[in-house]
There are 2 protein chains.
Amino acid sequence: MTETLNRQILLVEKPAGKLGPEHFRLTQTAIPQPADGEVLLRVRCISLDAANRAWMHGATYRSAIETNSVMAGGALAEVVESRAPGLEPGDLVFGDTGWQDYAAVPAKHLVKLPRIEPLTYLLSVYGIAGLTAYFGLLKIGRPKAGETVVVSAAAGSVGSIVGQIAKIKDCRVVGIAGGTDKCHWLTSELGFDAAVDYKAGPVFKPLKAAAPNGIDVYFDNVGGDILEACLAQMNLFGRIACCGAISQYDGAPAAHGPRGVPGLIVVKRLTMQGFIVMDFDDQRAEALADLQTWVASGRLKVQEDIVNGLENTPQALVGLLAGENRGKRMVQL
Amino acid sequence: MTETLNRQILLVEKPAGKLGPEHFRLTQTAIPQPADGEVLLRVRCISLDAANRAWMHGATYRSAIETNSVMAGGALAEVVESRAPGLEPGDLVFGDTGWQDYAAVPAKHLVKLPRIEPLTYLLSVYGIAGLTAYFGLLKIGRPKAGETVVVSAAAGSVGSIVGQIAKIKDCRVVGIAGGTDKCHWLTSELGFDAAVDYKAGPVFKPLKAAAPNGIDVYFDNVGGDILEACLAQMNLFGRIACCGAISQYDGAPAAHGPRGVPGLIVVKRLTMQGFIVMDFDDQRAEALADLQTWVASGRLKVQEDIVNGLENTPQALVGLLAGENRGKRMVQL
């Protein structure tokens with residue numbers, strides 16, 4: 001190793017309202033020494049996800065992030081030095097390294113990855129985004145051919161894949177996204193049947209026009225008003241795959257949930273089901289095989305949004321929460 | 001037939017707020033003549049259900065009730081005259097006769113029932129209440145032995161059976177009901193492990209004390225604040241069987257849904273699923289066999305609340321919505 005210093009980005013303050021770059025600080029420290037059972041990793045590519053922001057609110061499916069510690073985050077990394085069996089220098093892994101150049105991490109918390117090209121696909125279509133889309137749509141949403149699938153945050157890393165898989169499964173697909181450019185991209189490039197621009201006004205009416213036969217599967221990334229509008233348009237026995245609640249992450253927690261819960265759930269016999277990608281670890285191989293087949297055939301297009309430089313990670317997350325990315329955003333180091 | 005007049009109770013006005021006897025009117029008309037394919041029924045016992053009130057809001061799983069027509073409602077009735085194959089005078093049926101002495105109903109809308117004693121069991125434990133409890137708990141809630149099951153409106157027709165079936169399935173059972181008498185009845189007579197009195201104050205803390213290991217299955221009859229409190233105490237992969245939303249029926253529609261939707265659903269990977277009893281028509285025989293076995297062995301106690309006289313039906317429904325009944329309320333004619 002020629003470098004001797006480890007740049008780190010600390011979360012110095014938990015935001016009360018919107019997240020900004022001022023909540024982070026870049027610092028330098030010595031490169032850590034791996035303990036027994038650990039490996040030293042050189043971080044190559046940090047995954048940015050709306051969930052990073054949700055972690056600041058408190059314990060979720062992981063413990064809460066503490067202030068004045070390295071900001072947590074999953075990344076693609078290379079083993080530099082190993083004190084654990086099964087991992088060798090040069091191996092590629094995914095794990096929660098945090099936002100830094102180097103990290104010493106217990107080997108048992110890492111997933112060893114194959115070397116494929118481009119490597120970034122391991123963070124997008126073959127990473128958490130692609131697997132979340134795959135499992136959430138197919139195992140929770142369970143769309144049948146001919147049904148109408150609606151997905152929110154449709155131009156994001158997960159949503160853009162959800163919509164394309166739903167098309168592969170012969171569904172009518174409606175994406176909800178922010179701005180005419182994103183909406184146009186969904187229909188012209190990704191094959192969505194229709195797109196609704198939530199920044200142009202309330203979605204209820206345009207959604208009704210875009211999904212005239214009602215909604216059978218709603219893949220919910222956002223919660224809030226858009227969930228409420230979809231609930232009202234669900235068909236009998238419809239399924240709502242609850243993946244995230246982006247609308248609730250960056251600011252004060254919502255005072256209330258959507259109208260229609262539980263009344264519409266009863267009357268329409270809906271199922272709302274939450275999931276996270278780790279729940280399906282035992283089915284990864286099958287999912288990756290399908291995703292690779294679709295990517296190879298050109299039926300599934302991969303959209304990535306790559307930012308360069310560790311120092312730009314805070315602004316990249318702030319921008320993601322404002323919806324400025326298209327497809328999977330990540331930071332290359 | 002010695003009688004020549006048919007007493008009917010009309011819904012003369014849809015309530016804007018709480019339902020009262022003034023929204024109904026007793027009238028008399030000629031006993032109807034059954035048309036081809038219909039039977040003339042003598043109504044014996046009218047089922048009262050919170051859902052009767054929900055029907056007034058608009059179309060649900062059935063069309064909305066219209067004003068100045070006979071109030072809709074399911075009842076146990078006897079065939080007086082038949083113009084349909086398969087039904088004979090003296091046969092016992094269940095169907096939506098409405099609140100009246102006599103009704104002419106298409107035979108295809110009726111379910112023929114066995115003659116058992118007491119006949120009222122056909123409206124309680126072997127009727128919609130018992131079957132709703134059975135299917136909702138076992139097919140939607142899917143409790144495992146040792147899990148904690150919470151049920152609201154626990155002293156009502158459905159809730160009192162839900163809790164007892166959950167005990168038969170070796171769960172820890174907590175009932176939420178209104179008033180110390182009902183709560184005491186649940187634990188001392190029906191074998192519930194604990195009961196929470198929602199009229200004594202917010203349920204969050206007493207519920208936490210009654211379900212110290214969290215909630216695995218919540219059978220929701222009420223929606224609103226109690227659903228919100230339960231959502232916050234659900235365990236990972238918990239199931240919420242959405243059966244009704246009594247808290248929302250008698251008054252203006254709720255302005256908002258419960259907090260935690262969809263955030264807690266995602267984080268805890270909960271399933272909220274709505275159902276109505278008709279969805280399980282193909283499994284009735286199995287359900288009735290189980291229920292009969294449990295009743296015969298004394299493990300399932302049947303509680304009925306029988307009001308006499310058609311003219312008392314409006315007040316009986318008003319009282320049910322105020323929670324004055326214990327077990328299944330019905331009106332005997």
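In chain A of this predicted model, A:Gly130, A:Leu131, A:Tyr134 and A:Phe135 of α2(A) meet A:Arg284, A:Ala287, A:Asp290 and A:Leu291 of α9(A), contact being defined by C-beta atoms, placed from the backbone, that lie within 7 Å. By class, this contact comprises five nonpolar, one polar and two charged residues; Ala, Val, Leu, Ile, Met, Phe, Trp, Tyr, Cys and Pro count as nonpolar, Asp, Glu, Lys and Arg as charged, and the others, Gly among them, as polar. Helix α2 spans residues 128-141 and helix α9 residues 284-297, and they pack at an angle of about 100° with their axes 10 Å apart. The helices α2(A) and α9(A) are therefore roughly perpendicular to each other (angles of 65 to 115 degrees).

Between the chains, 32 residues of chain A are in contact with 32 residues of chain B. On the chain A side, α8 (263-267) and β14 (271-274) each supply at least two residues. That side has 16 nonpolar, 11 polar and five charged residues. Three bridges join β14(A) to β14 (residues 271-274) of chain B, and the two strands run antiparallel (pairing requires at least two DSSP bridges). Within this pairing, A:Gln273 stands opposite B:Thr271.

Residues are numbered from 1 along each chain as its sequence is written, and chains are lettered from A in the order in which they are written. In this predicted model, local features need pLDDT of at least 70 and side-chain atom pairs count only at pLDDT 80 or more, whereas totals for chains, interfaces and linings use all residues.

How values were computed:
Two residues are in contact if their C-beta atoms, placed from the backbone, lie within 7 Å. Helices (H or I, at least four residues) and strands (E, at least two) are DSSP runs, numbered from the N terminus. Axes are lines fitted to C-alpha atoms, for helices over the stretch in contact, and angles run from 0 to 180 degrees between N-to-C directions. Angles under 35 degrees count as roughly parallel, over 145 as roughly antiparallel, 65 to 115 as roughly perpendicular and the rest as oblique.
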